[in-house]
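Trainee: I would like to go through this model term by term. Please set each value against its definition.

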Amino acid sequence: MTQSNYFSRIFGSSPVTPLQKHIDKVVLCVEELIPYFEAVISNDWELAATTQTKLVDLENEADEIKNDLRMNIPSSLFMPIDRRDVLEVLDLQDHIANKAKDISGLTLGRKMSLPESISSAYMEFLKRCIDATRQAQVAINELDELVVTGFRGDEAIRVKKMIEELHIIEGETDEIQVTLRAEFYKVEKELSPIDVVFLYKIIEWTGDLADTAQSTGNRLQLMLAK
Amino acid sequence: MEHTTIFLILAGCFGLFMAWGIGANDVANAMATSVGSKALTLKRAVIIAAIFEFTGAFLAGGQVTSTIRKGIIDADLLSGSPELLVYGMLAALLAAGIWLLVASKYGLPVSTTHSIVGAIVGFAAVGIGVEAVNWGKVGAIAASWVVSPVIAGTIAYALFRSVQKLILDTADPMKNAKRYVPVYIFLTGTMISLVTMFKGLKHIGLDLSKTESYSLSLAIGLICAFIGAFFIRKISFNEERNQSNHFHDVERVFGVLMVFTACAMAFAHGSNDVANAVGPVAAIVSVVTNNGEITQKSMMPIWVLLLGSVGIVAGLLMYGHKVIATVGTKITELTPSRGFCGELAASTTVVLASGTGIPISTTHTLVGAVLGVGFARGISALNLRMIGSIFMSWIITLPAGAILAIIFFYILKTVFA
């Protein structure tokens, strides 16, 4: 007789929890870049390879959450957030994990070692970019509270501050990137031109982590403004 | 009149069966919100439901019962053949009960209220004559089925917006929760007791004047608020949990409020839905005990309401608790701050309808209230397709109840004639 209950069926599956689970996985995945590059810098390609496998596994897990959410968000759902915004945020988060996979994939595939003179600067840059993704995670984790408060009031202000913080972090990564590129410019002539081209690519992609995290925050801000 | 004892026994059994079904199935929707939000444990929810379904049915169930009993059918037309009313009401009970069983089995969205009204209208229109139906009253009931979810939704929206404004969206939600939650408790207590008293408690020997009703209701509201405030002060707060969710402790304050709204909900449900079971019984009893005379004036015997109340509680204790548990796990989305809005809005609407003697669907009203919270951007996902299902339930339930009632009516007529 229990199936008779249609009252419970008016509640659709919430997109908020999967969105938060997804960003949690994405951040775990991106964080793997730190041990990965530590291994790369110490030229331990075996360790780098196992770390990279872990990273790819995490990226796959994030993909599963993403696909599940995409399948379970029919247009008949009535939500306080725009369905398009949800999918957009999901795509951006997905993009972060993909970039992490690309960065590790390219460096591992080409066994690209970082020139010693820029390795510590690069690590600083990477860590700050990861901080940006963590800040995006913090903001996304407020989504359930935002739903309770109807996206208004103090909670909305708190989230706005988090997003501002994200902008500041992203700004810092840009500055670090400028110095990193300047450092790298000094030594680039000593390296093989192909390596140089790809290293610039890696720097660019690493910066993309922070950029995309920022875009995620911007999307969240749009949800607040609705 | 022949067969009076058989009629009485049959009416009692069918009525008890219906009431049992209401307790087993319907009560779940009223109570699951509180269980799902974890404001109440299953055991407590069942205890509250048992007590307040009973008091609601017994104290405030009379008005709707009398509508079902004599408001839908123009009994004057039946003065020559009172047995037709007996057959018809028995048929209606059987039809609604069986239809509910079948529909529940196949997961169709049905409403007890709609089936019994459909069944009575069905047998009256076909078995006796279209003019036997009091169409004005039926029209009003049908209109109330549209209006009640809308009203509940509007109240819920307003309530939730007020909660956001006064508590959740402020700099110190905790402080404001402690300040305003007792006010909401006061509202709940006052509203329920006011409506109950205004409708009159004459049948249990309490005759209160207007002023007495007002002051007694305010007093009950205040007592509730004080009890609530006492329990809110007793909550031990957990800083650690609060970091992952800023509203964790605030929700616990609302949890206290939800205990009160759960009582209100059970009371409201009892007051409206008991009639679905005992309304027809009351009609039969009045015909049989007046020696076949159909009288519009006779008081309804108290034991009829008692029978319904006991039946609901029996159904709840024997089976309903399982349904509450199942439904509760599926609606965890409604945290206390949102769930209480739904419950308070729905119970207010239902109790008001009970007071005016209009049978409405408690579940539909609750659905309306939940949508209201959703429109205040308070729920992360609502399945709008269910609204369609609710309209479907009107289209399916009314004719199904009616057709079954007509069939049973003719069977009973053949058997006893």
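Mentor: Start with contact: two residues are in contact if their C-beta atoms, placed from the backbone, lie within 7 Å. On that rule, the contact takes 31 residues from chain A and 41 residues from chain B. This is a predicted model, in which local features need pLDDT of at least 70 and side-chain atom pairs count only at 80 or more, while totals for chains, interfaces and linings use all residues. Residues are numbered from 1 along each chain as written, and chains are lettered from A in the order written.

Trainee: What is the class make-up of the side of chain A that touches chain B?

Mentor: That side has 14 nonpolar, twelve polar and five charged residues. Ala, Val, Leu, Ile, Met, Phe, Trp, Tyr, Cys and Pro count as nonpolar, Asp, Glu, Lys and Arg as charged, and the others, Gly among them, as polar.

Trainee: Why are strand 1 of chain A and strand 1 of chain B said to pair?

Mentor: Two strands pair if DSSP finds at least two bridges between them. Strands are DSSP runs of E, at least two residues, and helices are runs of H or I, at least four, numbered from the N terminus. These strands have two bridges, in the antiparallel sense, so they pair. Leu77(A) has Asn383(B) as its bridge partner.

Trainee: How confident is the predictor in chain B?

Mentor: pLDDT is its confidence in each residue, from 0 to 100. Chain B has a mean of 87, with 94% of its residues at 70 or more. Confidence in chain B is lowest in helix 9, at a mean of 56. Where pLDDT is low, the predicted coordinates should not be read in detail.
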